[in-house]
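Hi everyone, thanks for making time today.

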Amino acid sequence: MASAFANLPAELTEAVLIVSAASGNPNSIAALSQTSKFFYDLIYRCPDQHLWREIFLTTFDDPRPALNHLSLISGGHSDLEFNWTQEYIDRISAARYIRHPVQTAAPVSSQSDIPTSLSVVKALLSVITTSLPFPSSPPISLTFLSDFPDPNSHLAPMINSPPFPPLLLLLTANYSALLGSVNAAWLQDLLEIGFPPELTRTLMAKLSFDVQGHAPYKPTLTSASHWGGSEVGQLFHKLICCTGFIPIAAPAPELADTSVPIASPVTSTSASLDSAFSPDENEDMPALSITRLRSPSYTPEAQSADARTLARRRVYDMRYLGPTRMWGPFKPVQRDTTDSPKSNQFESLDEDENEDNDEEDEDEEDNLGLMHLGLMNGHRVPDMNPPIKPYELVPDYVWLASARIIVEANLREMFRPSPLPTAFSAGDILPYMRKMYTMCIGGSPGYWDSWANRPREGEGFEGSGKSEQGEVEGWDWAGVSGIWKRCVCWLDYRDLLVHNLAPEKFLEDGIQEACRVIPLTIRITGYSESPIPPGSSTRPLPTIHVEGESIGSDRSTDDLRKVTGTISMISDGAIRWQMVSSVAGSDEPEWSSEAVQIGGPGAAVGFLGMWTGAMHERPDPLGPFWAWKVV
């Protein structure tokens, strides 16, 4: 029988392998390769990748449309080089590892070992990156009527705009089959199981705990190494930015490792939050421990609560702010310390500076115990000199992942699902922000409209504006023009200071965190030239200059603020959102915002970022926000 199969034409053997992959049996490919040198050479040493391309396309989207669009966004040329063989092996191996985290199963390739955490994370991110772009913006809209006094006002569309992207309405109506992406459906199904436990556990700092059905565990990938910039740490947190926090679930009975005993109740070891969250290992704050009695099962609810606690500790760390990060969620730009100021860290005041404070300020400082930390001097921190170029900025996905954990938890408390089975509320729509379709390129409203009208090489662009920084033609390549909803979170300023002085307060129940969803209108005013990165001959897409208005603030839901800003390309192929909002009723700048696009360009999931004071004074407050386009 084996001899008869070996005598089949190569084309028929390849067809059998493709059908095996399409029917969900990729292991048969590796199994056949091990039966003889002939089959091994046919499978792994074919002169081109035609066989593996067909095998790949049985399970995943064609990556070329997404890669072509990303190449245009980055200013490069189309590069269709894609390793079909290795990508398929990596993704199937990652899926098997996630589905069987405790067992040792034979990998797809006879030459592969069990995948590492890094290879698993890279494979999952590749699935997101190469998901099939939306062919056009979802043709659906929703208007919420309000009691706005003047329905003809130019602000009425902003007030009456829906709370979430229109794509979510298609998902809630179970029309996902019409959206086209096989990758999104595959990844959504896979992540119902969750991430490998050794990765998810790192979001709990050094906390040791047991989950029923999994081996007792103490992280080997410490959170401190993640903060220090390890590749697996940054990439896993980049994945969390896309998916949100997924707790470790007890495996289904058929997946559980019966050789792993269920742990008896024990007392956890202490965990240092600060080792996980300190921007500078030499600037550690007092150790903060989580000590709780462990039951045999560490529940998803308890895991989410701990992840939220640790995320708050990172996001509201006032030492994070500084000019080396451009006052945003970016990794510090390394410069000669003699040429640039140090970042905004807690440092002692000189005696002369103390004497300059009036008695009222001194009393308040003494009451809070802040004077010796230099928190109340109010000095403006100078920017870097020379200024940081866009290509020098790299997103800090560790901070951004924490921001998503916080904002998403606050949104769940704000928008609760309707208790009535026949009713429908915003809380019923919110969970669909976690669907993988929201990460696909071009899922936000109107994204493809501007691309359809973009200027061709050598052509002008009718209607394009000229910014004050230069006369450059351009188009809305980031899809920012329109109406957005922006969820902003913050702590009361006094609470923010106290929690920075006493981090153990983050463990207390009942932390009062404010959360408000603010409508925002953005219009394009022009374009300016972006600098060419060193070693490149291609200029990135032009920087987009915008203006607009937002309604609502921490003081009133009716405050109208002016907004100005830019959208540009930065390192890692990321898109940066930089905005400044004014004092209500004035042109005076009050708050600045820095954010990064999550998912692909124009993805419905939107931007995650940080807000802080526009003047960058010490000690400015800070907090997370999440913005998504609705019209």
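Predicted model: local features only at pLDDT ≥ 70, side-chain atom pairs only at ≥ 80, totals over all residues.

Let's begin with Ser550, which counts as buried at 8% relative accessibility. Ser550 sits in strand E3, which covers residues 543-551. Which residues does Ser550 touch, leaving aside those up to four places away in sequence? They are Ile518, Pro519 and Leu520, together with Asp559, Leu560, Arg561 and Val563.

Now let me step back to the protein as a whole. There are 22 helices and 8 strands. Of the 631 residues, 52% are buried. If you take the contacts between residues at least 6 apart in sequence, 70% of them join residues at least 24 apart.

H6 runs over residues 64-73, and its buried residues are Ala66, His69, Ser71 and Ile73. What covers them? The cover includes H8, helix H21 (447-452) and strand E4 (560-569). Let me pick out Ser71, which lies in H6 and is buried, with a relative accessible area of 9%. Ser71 is 502 residues away from Gly573 in sequence, yet their C-alpha atoms are 9.4 Å apart in space. And just after H6 comes Gly75, with a positive phi of about 85°.

Trp327 has a phi near 60°, a positive value in a residue other than glycine. You'll find Trp327 in the loop between helix H16 (300-315) and helix H17 (351-356). Is Trp327 buried or exposed? Trp327 counts as buried, at 5% relative accessibility. Asp572 is not a glycine either, and its phi is positive, about 70°. Asp572 belongs to the loop between E4 and strand E5 (575-582). With a relative accessible area of 43%, Asp572 is partly exposed.

On to helix packing. Two packed helices are described by the angle between their axes and the distance between the axes. Take helix H2 (residues 10-22) and helix H5 (residues 50-57): their axes come within 8 Å and cross at roughly 25°. An angle under 35 degrees counts as roughly parallel, so H2 is roughly parallel to H5. The crossing of H2 with H5 is right-handed. On the H2 side, Glu14, Leu17, Ile18 and Ala21 meet His50, Leu51, Glu54 and Ile55 on the H5 side. Sorted by class, that contact has 5 nonpolar, 1 polar and 2 charged residues.

The next pair is helix H8 (residues 117-129) with helix H14 (residues 231-243). Their axes come within 9 Å and cross at roughly 35°. H8 passes H14 in a left-handed crossing. H8 brings Ser117, Leu118, Val121, Lys122, Leu124, Leu125 and Ile128 to the contact, while H14 brings Glu231, Val232, Leu235, Phe236, Lys238, Leu239 and Cys242. By class, the contact of H8 with H14 divides into 10 nonpolar, 1 polar and 3 charged residues.

Cys242 takes us to the last topic, the cysteines. How many disulfides does a search of the whole structure find? The search finds 0. Cys242 is in no disulfide, and the nearest cysteine sulfur, that of Cys241, is 6.6 Å away. Cys242 is also buried, with a relative accessible area of 5%. Then there is Cys489, whose closest cysteine sulfur is in Cys515, at 3.9 Å.

Technical notes
Residues numbered from 1 in each chain as written. Heavy atoms only, no water. Disulfide = S-S within 2.5 Å. Buried < 20%, exposed > 50% of the residue type's maximum accessible area, 1.4 Å probe, protein only. Axes fitted to C-alpha atoms, helices over the stretch in contact; angles between N-to-C directions. Helix = DSSP H or I, 4+ residues; strand = E, 2+ residues; numbered from the N terminus. Parallel < 35°, antiparallel > 145°, perpendicular 65-115°, else oblique. Left-handed = near helix turned anticlockwise from the far one by under 90°. Contact = heavy atoms within 4.5 Å. Nonpolar A, V, L, I, M, F, W, Y, C, P; charged D, E, K, R; others polar.
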